[in-house]
Amino acid sequence: MVSRMVGGITPSATCELEGLIGSMKRKGIDVVALNIGEPDFKTPEAICTACKDALDARKTTYVATAGIPELRQAICHKLLRDNGLTYASEQICVSTGAKQALFNAVMAVTNPGDEVIIPTPGWVSYVEMVKLVGGIPVCVPCKSDYQLDINAIRTAVTEKTAAIIINSPNNPTGAVYGPDSLQAIADLAVEKDFYVIADEIYEKLLYGDCRHVSIASLSPEIYQRTIVINGMSKAYRMTGWRIGYSAAPADIAKGISDLQGHITSNSTTFVQWSAIEALENGEAGVQEMVAQFVQRRDYAYERAVSLPHVTCNKPDGAFYLMPDVSWYYGKRSSDQVICDSFAMSEYLLQNYHVAVVPGGAFMAPEAIRIAYTNSLSEIQRGFDRIEEALYALQ
């Protein structure tokens, strides 16, 4: 029998769905995938070449748990260049994906019984990470436009509050938190003395006039209370490479490195050399990709708001939409009743072969999450199927 801790985990809805879709495709079913939080663009050739060169040079040995010095220095340069943040290499820990960096951060600052505030809708793994370290997730709903509700967050803070996890641009909503909201969170964290875990993995996926502000840059005081999380997966199309990093105050950074030393040790050595190439020379490729995401976002948004009885906010970042489909709850097709977002997603997948993620997995029960990470033609096919599916509900 598994432990109570493991038995209490809610499986990742996104990972489970990917497995189901893979099985359907192997059976020859034509599934339109609007569920995947992964750019469909290939990893740039220069990044792949850097990996091949590292392999040819037999850079395949163990290295320092926190990462090779060259990569940690490249991360420091990136944080200064892009975010106005000054870190020493000793404050950086390279991890096996940003997901590991997040878990490291939660474990580093959360004692059993501590509370961690999570604005919702929020990524599926935040709550489970907090539970796994013995913490208590405190979910605080955002406003209707998916911006932070500062008053509600302030009310949620108690003497047991250890941290807040913020994610901007946001998965699943695409919301980008403005400097005023971030300043308010920073002021609150300093006043009440808790940490901010800032998940910035989507920072380069911004549209229009939106800009990303790293909360750690707002004052020396919040810098000392912030753990910045980032990685290579979204911006540099390196999802399967599994490489991320954290930047933190020196004592927290040491704790993170010590923790990782007992879990995975260093992330894959030759991949670290590829990450240097991405950070130092990858910006042109990022901008080319973002330009295409703008077109996809605009098309997907227009299709979403044109669906009958569906409302949707226009995202400013990341690559997700969260259309509200709750009008259809209680409707039926044949003997199938759409009772919630999980039933809606199941209905769309099984009956119309279009994959979306139930909003309930992100604590947004009224919505479904649509990722516009596929080609425009596939996005069109997907929305055609969604539209047909909704018209069939009575």
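Me: How many aromatic pairs does the structure hold?

Reply: The structure, a predicted model, holds ten aromatic pairs. Rings of Phe, Tyr and Trp (its six-membered ring) pair if their centres lie within 6.5 Å; planes under 30 degrees apart count as stacked, over 60 as edge-to-face and the rest as tilted. In this predicted model, local features need pLDDT of at least 70 and side-chain atom pairs count only at pLDDT 80 or more, whereas totals for chains, interfaces and linings use all residues. Residues are numbered from 1 along each chain as its sequence is written, and side-chain values use heavy atoms, with hydrogens and water left out.

Me: What makes the pair of Tyr202 and Phe319 edge-to-face?

Reply: The ring centres of Tyr202 and Phe319 are 5.5 Å apart, and the angle between the planes is 85°. The pair is therefore edge-to-face by the criterion of over 60 degrees. It links distant parts of the chain, 117 residues apart: Tyr202 is in the loop between strand 6 (195-199) and helix 9 (220-223), and Phe319 in the loop between helix 12 (283-306) and strand 9 (320-321). Helices (H or I, at least four residues) and strands (E, at least two) are DSSP runs, numbered from the N terminus.

Me: Why is the pair of Phe319 and Tyr320 called edge-to-face?

Reply: The planes of Phe319 and Tyr320 stand at 70° with the ring centres 5.0 Å apart, so this pair is edge-to-face. Phe319 and Tyr320 are both buried. One aromatic cluster is formed by Phe41, Tyr202, Phe293, Phe319, Tyr320 and Tyr372.

Me: How do you know that Pro39 is buried?

Reply: Buried means under 20% relative accessible area, exposed over 50%, and partly exposed in between (1.4 Å probe, protein chains only). The relative accessible area of Pro39 is 8%, so Pro39 is buried. Pro39 is found in the loop between strand 1 (32-33) and helix 3 (45-56). Pro39 touches residues including Arg237, Phe293 and Phe319, where contact means heavy atoms within 4.5 Å. Pro39 and Arg237 are 198 residues apart in sequence, yet 6.2 Å apart in space, C-alpha to C-alpha.

Me: What makes the protein chain as compact as a globular protein of that length?

Reply: The secondary structure of the protein chain comes to 14 helices and 14 strands. Its radius of gyration is 21 Å, close to the 21 Å from the globule rule for 394 residues, so the chain is as compact as a globular protein of that length. The radius is taken over C-alpha atoms, and the rule is 2.2 Å times the number of residues to the power 0.38.

Terms used. Lists of a residue's contacts leave out its neighbours within four places in sequence.
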